[in-house]
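Try each task by hand before reading on.

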Amino acid sequence: MADTPKVLPSQVLRAIQGKEGEHSFSEEELAALRAQIIEERAKRRAEAATNQPTVVVDNLNIVYRIHGAGTGRGSATGALSRIVSRRTSPTIREVHAVRGISFVARRGESIGLIGRNGSGKSTTLAAIAGLLPPEKGGGVYTDGQPSLLGINAALMPDLTGERNVIVGCLAMGMSKAEANARYQGIVDFSRIQETNPHAMNLPMKAYSSGMAARLRFAIAASRDQDVLMIDEALATGDAKFQAQSEQRIRELRASAGTVFVVSHSMAAIRDTCDRAIWIEAGKILMDGDVDEVADAYEAWSKQG
Amino acid sequence: MSEPGGIVLEELPPPALDPEYADLGGVALAAKYGLKQSGKRPPLFEYAAQLWQRRHFITGYATAKNRSLYSNARLGQLWQLLTPVLNVAVYYFVFGILFTQSRGVPKFLLFLVIGVFLFNFLQTSMINGSRSISDQLVLIRALHFPRACLPMSATIIQLQQLGFSMIIVVGVALGLQETPTLRWLLVIPALILFSVFCNGMAMIVARMGSVLTDTAQLLPFISRTWMYLCGVMYSIASVTDRAGIPHWVKLALYYDPPALFITVVRNCMISMPSRASYATAADYQAAVNSLHQPAFAWAFLVFWALLAGVGGFVYFWKAEEQYGRG
């Protein structure tokens, strides 16, 4: 039917549960919408199940080694002797953040990673992005090099928004002409000129965190990426931008890419993802249809 | 739609596995669809090719960074010229007037300007290079590109500064009645080799600085000591011609890379005054010695440039997958 549903899946669900305050739908309409959403999702998932894999996570183990816990790091002579002798600090604490995670993501899938703080969601994404080397006996295999979008501050805080867009595009491997051609589209998408027409000429350190996150999302989403990973980046924008970026995620998914979303907002996960993976203490607890996993996670969270 | 009753984590069934993964296993599945290990360091030549693809990023980033450098100052871009001029003014005041190091050195101001600017290029490339990875961790974690782009842009920023500085050098040379000759053109290959050398040094300290954040604190002291050993504001001859200096110390001082680059550029631009302008033969000899260029100087320039350039690149590339760790 219509490509862009006017009602988001999470709104329908909330309305059925009687949590959405006011709405103009009858119960039959809601049930029909819900059935349609579930049917479309099942169809998308069935199609994606036979697609080519884009990310294979095979028995992934990530161990953080925290150097120098407890020893003085500040003395210049100590640093010099460490440089000369190539010795590492004697005290190393190990944190086993991800313990043997395996899953396969295919083209056209959008996967939500859910779990408590410190459960290993962001670490898993960083490993898929190739930022953290996995332990022996496992690995992450990807098609192309995925980009990771986090909520951290601006890309280059000293540079203007304009420069950040151009340099960011060049860093992703675009040519100069291509970067210039995409510039206006990125600025329009980020909507940061709506609140301040001179925003693009200001250094990004002057941006609010929401504005910076919007521009970063616009830069990273400007290219059709094979694998796009979004770490809480959607939570910072305002409602209007969230709806818009969800639309963009659906487009990316339709153009046969794979999207990963980490979020603590179950509504955002239900609206953007078809599949969800629940991670707890570095292990996968559930992997399946978004409603099924999100329901279980919500029920478990309420138990306290 | 939540299930009735509590959820006990231990009682959940094991998560569903992808059927193809269960059949083949991870490595075989990845091989079947041509997937590559994420974040794996590419072979050296492929890495160099990737770097070449991102050349617009390297220069674009350097230009943007350079512009933002003085964006807080009222005089703005004028500082690109003012900074080197003030630098030289300070050194001239201390070493030309207070300590009168100028004795015996022909055209001391030109001598000093060349030494200060060239060494400054090396020093700032190294200091900025050592911070290039740790300062841009957000960028490294957000976008994927060969990390060598960052220390390289640090060098290119300084190269742009050096361009401004060389304008001042030419101005000083003309002001001291040096007549331009074809010899001046030799400065260009010398500076190209020097840039390769500085870039290699920047890459070495960039890798060190990414693991050991103390490097950035330590480096100014090391580089300042190095500067005082390089004859930037005095002639090396005035030290080595003293009695009791072992031969190997002389060689080490003359062939020390930055000292050698500075000596060669000085010889390209400073012409020797005639014997008649000196009162005694000893004074004239001191002036000649102050510009002494050791044997095979150019061959050694090439050697140093290649050693640091290639060595630094390989050293940096070896840790490519580690830089996102921070």
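**Exercise 1. Decide whether A281(A) is buried, partly exposed or exposed, and find out where it sits.**

Step 1: get the accessibility. A281(A) has a relative accessible area of 49%, so it counts as partly exposed. The cut-offs are under 20% for buried and over 50% for exposed, with partly exposed in between (1.4 Å probe, protein chains only).

Step 2: A281(A) belongs to the loop between β8 (275-280) and β9 (283-289) of chain A. Helices (H or I, at least four residues) and strands (E, at least two) are DSSP runs, numbered from the N terminus.

Step 3: check the backbone. Phi of A281(A) is near 50°, a positive value in a residue other than glycine.

A word on the ground rules: this is a predicted model, where local features need pLDDT of at least 70 and side-chain atom pairs count only at pLDDT 80 or more, while totals for chains, interfaces and linings use all residues. Residues are numbered from 1 along each chain as its sequence is written, chains are lettered from A and ligands numbered from 1 in the order in which they are written, and side-chain values use heavy atoms, with hydrogens and water left out.

**Exercise 2. Work out how many residues of helix α4 of chain A are buried.**

Step 1: count. Seven of the eight residues in this helix (residues 121-128) are buried, so the helix is largely enclosed by the rest of the structure.

Step 2: name them. The buried ones in α4(A) are K121(A), T123(A), T124(A), L125(A), A126(A), A127(A) and I128(A).

Step 3: look just past the end of α4(A), where G130(A) takes a positive phi of about 80°.

**Exercise 3. Trace the salt bridges of chain A, starting with the partner of D143(A).**

Step 1: A salt bridge is a side-chain nitrogen of Lys or Arg within 4 Å of a carboxyl oxygen of Asp or Glu. Over all chains, the structure has 19 of them.

Step 2: D143(A) pairs with R107(A), with the closest N and O atoms 2.8 Å apart. D143(A) is in the loop between β4 (139-142) and β5 (147-149) of chain A and R107(A) in the loop between β2 (92-106) and β3 (110-114), so the bridge ties together parts 36 residues apart in sequence. Both D143(A) and R107(A) are buried.

Step 3: E109(A) bridges to R275(A), closest N and O atoms 3.0 Å apart. Here a loop residue, E109(A), meets one in strand β8 of chain A, R275(A), so parts 166 residues apart in sequence are tied together. E109(A) is buried at 9% relative accessibility, and R275(A) is buried at 7%.

Step 4: D291(A) and R270(A) form a bridge at 2.7 Å between the closest N and O atoms. Salt bridges that share partners then join R34(A), R41(A), R270(A), D289(A), D291(A), D295(A) and E298(A) into one network.

**Exercise 4. Describe how chain B meets chain A: how many residues are in contact?**

Step 1: 55 residues of chain B are in contact (heavy atoms within 4.5 Å) with 64 residues of chain A.

Step 2: the two chains bury about 5,100 Å² between them, 62% of it on carbon and sulfur atoms. Buried area is the accessible area (1.4 Å probe) that two parts lose on being put together, summed over both. L35(B), S38(B) and R325(B) supply 12% of the area that chain B buries against chain A, more than any other three residues.

Step 3: two salt bridges run between the chains. In one of them, the side chains of R106(A) and D18(B) meet at 2.9 Å, N to O. The largest share of the side of chain B that touches chain A, eight residues, comes from α4(B).
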